[in-house]
Amino acid sequence: MEPATGESLNRPLRLLSLDGGGIRGISELVILEEIMHRVGRSQNLPTLLPADYFDVICGTSTGGLIALLLGRLRLSVPEAIDKYRLLAKQVFSDKKSRGKDGCFKASSLEKAIKDAIEEKLGKGHADDRMFVSNRSSCKTFVCAVPAKHINKQPRLFRTWSADKNPGYNCTIWEAARATSAAPRFFKRIYIGDPGLQEEFIDAGMGCNNPVRYLVEEVGKEFGPERTVSCIVSIGTGKPKVAGFKAPGLFQRVLPLELIKVLADMATDTEVEASAMEARFQNCPGLYYRLNVERGLEEVSLEEWEKLGDVKQHTMAYLNDNAVSRRIDVIVDALVGKSQQVYPLGQLDGAVAAIFNTYHYFLYPAHQVLYYITRKDPLEAIHQRFQRPLDKAMPTVVVLLGMGGCGKSQLALEYCRQGQNEKWFSAILWLDASSPMSIAQSFANVANKLSKPNFDIADEKGNIRFVLETIEVWKFRWLLVFDNFDNPSSFGNTSIKEYFPRSGCGSILFTTRHAGAKSLGFYIEVTTMSNEEALQLLLERSQAEKTSSNTQEGADIVKRLGYHALAIDQAGAYILARGLDLHLYMMHYSERKERVLNEVPELWDYKRKLTTDAEVETKLTVFTTWELSIELITGSPDAREDKAHLLTLAGFLDGKEVSDELFRCYGSKHVHWLVSCVRDGVWDKYEAQDILKEFQNLSLLQNLYIGKDETTFSLHPLIQDWVKLRVNSNARRAFTREAILLLSAFLDSHSIHNMKFESKQALLSHLEAVLQNEIDYTVLSENLEEIELLDATSNFAYFKGEDKSPRQGAP
């Protein structure tokens, strides 16, 4: 990429706007440094100048200073960072005594600016003027506000003489002083010929984000036919909104109109950013806003000693994948690879009439308090939804996983990103847990879309109105069908009847029912990664990240199976009691039921458990899986048999359970689990159907159906839950039954012919049932039962403790 020359005068324009924000302006330079670094890598060129890649650069206040450094003085970003760092320290480290106009010396700022000018342009050039004669040079302007005429219309100090109203050709340092003359910091500056001088203050007081004036100015300068490929607006971090304090007694009294403008300063920047996003939302690849979202709120405009903190937070922002993708598109535009360009004539005030400006965002307003971003599934969702808008039907993605694994929170995070990144102009959230709940959701959306003669009771009319409205949209939209866990509740009505017939949209499901996989591309949401789980536990429990806590935390999240809801509960439990992390596992072992059922008073996980419920119930790992149990199908006896089989599996080793264990016992006891018996014989296919239903409800971790054997596994927490959901007498009964189950298997199989893997699995089951015996003391009280006596003999023989099997043993 060559610098701007006469040969490139007609290339698509690239525009740069820089917000005000005091020393936080270093954030803008760090972001620009990354952009120019990527440009250099793509072009295989050394340090580059932004002035060679942006055709117009503008700025306000600190952004104005940076604009002059980069555009008028043609510094590289590293040079500008160095100058900015020295300027900030030199200007803001020396406060004036009380009673002076502004709390910092304007003379120090003037000297720092002049020094930077002379270092770049040479000695004797400190008073050089703004206008330059080179037509191909990067055009630059800064904004300032006349102190006595506050109407939010800034005065522009340009580096070129415009055809109309060119403005005063002041010196470079005067323009820098005018754009940064914030009344609280520096005294005002008078600019103009003798007798015709005007008094100026920082334009951050009226247009802290100057991007709107950038678009207007470029339209006037280049004409409606010239095209533009990118508009980049960079902020100094989202501000903490606070009231403006008027200058003290010894400062100059400000006009009341100015006081009001100053009070609006904190919100002016983001209001302007939102307005521009709405204005250009249907111009893909044109407008990009880069602004650090968190970390800079508490950094005051003059705290120069916090430059390092500002840089650190900005680097963290740049590591976000969504931000990185935006920068990649910007780089493509800067090196001439932009996919789309737009005539300037479409970007004037009439743009609102030719582009859609509607936004419909109707989804839950907040996430859980301690949300941990799970990048892999979020990227998988976005990858599936990135496609041309030329298909007849929307793209469908299904998030499938067990209860409490974080499906809804992932969907909510994707909605948040989709709105912030402008992937969608409408996002609508539907509760798909039942026909009644989805009808209520459509009614809410119909009301949001201003349906004429809206009637909440008109279910069919509301649904039809919403679908027909969406079908005529020519912009991207997203529908979320949350908690689609019970497809059978919709009867003969297909969930697809709730889909709009439009290719402009995307549909996202969250479900624990595996049958929903057929709706589209599915993503299994299983467990958190070790790092994500540990971060959630430490943040939720507010435990310090010490080496010992890291090790203890790793043990806890592993025992909880990296399950999001369980880890959040564990952290809340630890925090409520002020426990050291190493004590949690003791509590979990000794009072497991209490630990897994307890939630704090303020709890983000809530849901209506029935369609007619008036209030939401706090969800625990136990209540969320009870919802799955309630979805088991069949007659009362069949449902009882299915729940019995699942519970019995919990009293074995859950890592690998074979259907052969149930067959051996069921073949001898035909009245046991009659749902799996046909004509007095154990029917393995009926058993497989039951296990498949469990898998569809996400109650099994894994299921393998082979030619000769079917095996499945349970998540460790589900195993804890199925044991604890029954009372103590039932636990003893299931312990006894598990012992007899294994004994029947040993009776039917020769140990000597058993594969090593089968022996290992059987030994694990024996250890599990013997641990149950320790917990519930079954054998010690029932050894008079011949079956249990035979079972203990079989166990001892298998484990090698008794060399002679009982009579009849293989």
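Two residues are in contact here when heavy atoms of theirs lie within 4.5 Å. With that in hand, welcome to a set of close-up views of a predicted model.

**Figure 1. The whole chain, as a starting point for the close-ups.** The protein chain of this predicted model holds 30 helices and 22 strands. Among contacts with a separation of 6 or more, 74% join residues 24 or more positions apart. Of the 810 residues in the chain, 55% are buried.

**Figure 2. Helix 4 meets helix 5.** Here we look at helix 4 (residues 106–121) and helix 5 (residues 172–179), whose axes come within 9 Å and cross at roughly 140°. That angle falls in neither the roughly perpendicular range of 65 to 115 degrees nor the roughly antiparallel range over 145, so the two helices are oblique to each other. The crossing of helix 4 past helix 5 is right-handed. On the helix 4 side, the contact uses Ala106, Leu109, Glu110, Ile113, Lys114, Ile117 and Leu121, and these meet Ile172, Trp173, Ala176 and Arg177 of helix 5. By class, the contact residues are 8 nonpolar and 3 charged, with no polar ones.

**Figure 3. Helix 19 crosses helix 20.** Helix 19 (residues 564–577) packs on helix 20 (residues 581–590) at an angle of about 110°, and their axes are 11 Å apart. These two helices are therefore roughly perpendicular to each other. Helix 19 passes helix 20 in a right-handed crossing. Look for Ala570, Tyr573, Ile574 and Arg577 from helix 19, together with Leu581, Tyr584 and His587 from helix 20, which make the contact. This set comprises 5 nonpolar residues, 1 polar and 1 charged.

**Figure 4. Helix 23 and its packing partners.** Helix 23 covers residues 636–650, and its 15 residues should span 21 Å at 1.5 Å a residue; the C-alpha atoms at its ends are 21 Å apart, which agrees. Its buried residues are Ala638, Asp641, Lys642, Ala643, Leu645, Leu646, Thr647, Leu648, Ala649 and Gly650. Those buried residues pack against helix 22 (621–629), helix 24 (659–668), helix 25 (684–696), strand 22 (710–713), helix 26 (716–724) and helix 27 (728–748).

**Figure 5. Arginine 731, a buried charged residue.** Arginine 731 sits in helix 27. Its relative accessibility is 13%, so arginine 731 counts as buried. Setting aside neighbours within four places in sequence, you will find arginine 731 in contact with Glu593, Phe651, Lys723, Leu724, Val726 and Tyr776.

Figure 6. With 48% relative accessibility, lysine 337 counts as partly exposed. Serine 229 is 108 residues away from lysine 337 along the chain, yet their C-alpha atoms are separated by 9.4 Å.

**Figure 7. Two loop residues with positive phi.** Most residues other than glycine have a negative phi. Asparagine 165 has a positive phi, near 45°, and lies in the loop between strand 4 (155–158) and helix 5. Its relative accessible area is 68%, so asparagine 165 is exposed. Leucine 673, which is not a glycine either, has a positive phi of about 50°. Leucine 673 lies in the loop between helix 24 and strand 19 (677–678). With a relative accessible area of 5%, leucine 673 is buried.

Conventions:
Residues are numbered from 1 along each chain as its sequence is written. This is a predicted model: local features need pLDDT of at least 70, side-chain atom pairs count only at pLDDT 80 or more; totals for chains, interfaces and linings use all residues. Side-chain values use heavy atoms; hydrogens and water are left out. Axes are lines fitted to C-alpha atoms, for helices over the stretch in contact, and angles run from 0 to 180 degrees between N-to-C directions. Helices (H or I, at least four residues) and strands (E, at least two) are DSSP runs, numbered from the N terminus. Angles under 35 degrees count as roughly parallel, over 145 as roughly antiparallel, 65 to 115 as roughly perpendicular and the rest as oblique. A crossing is left-handed if the near helix is turned anticlockwise from the far one by less than a right angle, and right-handed if clockwise. Ala, Val, Leu, Ile, Met, Phe, Trp, Tyr, Cys and Pro count as nonpolar, Asp, Glu, Lys and Arg as charged, and the others, Gly among them, as polar. The expected span of a helix is 1.5 Å times one less than its number of residues. Buried means under 20% relative accessible area, exposed over 50%, partly exposed in between (1.4 Å probe, protein chains only).
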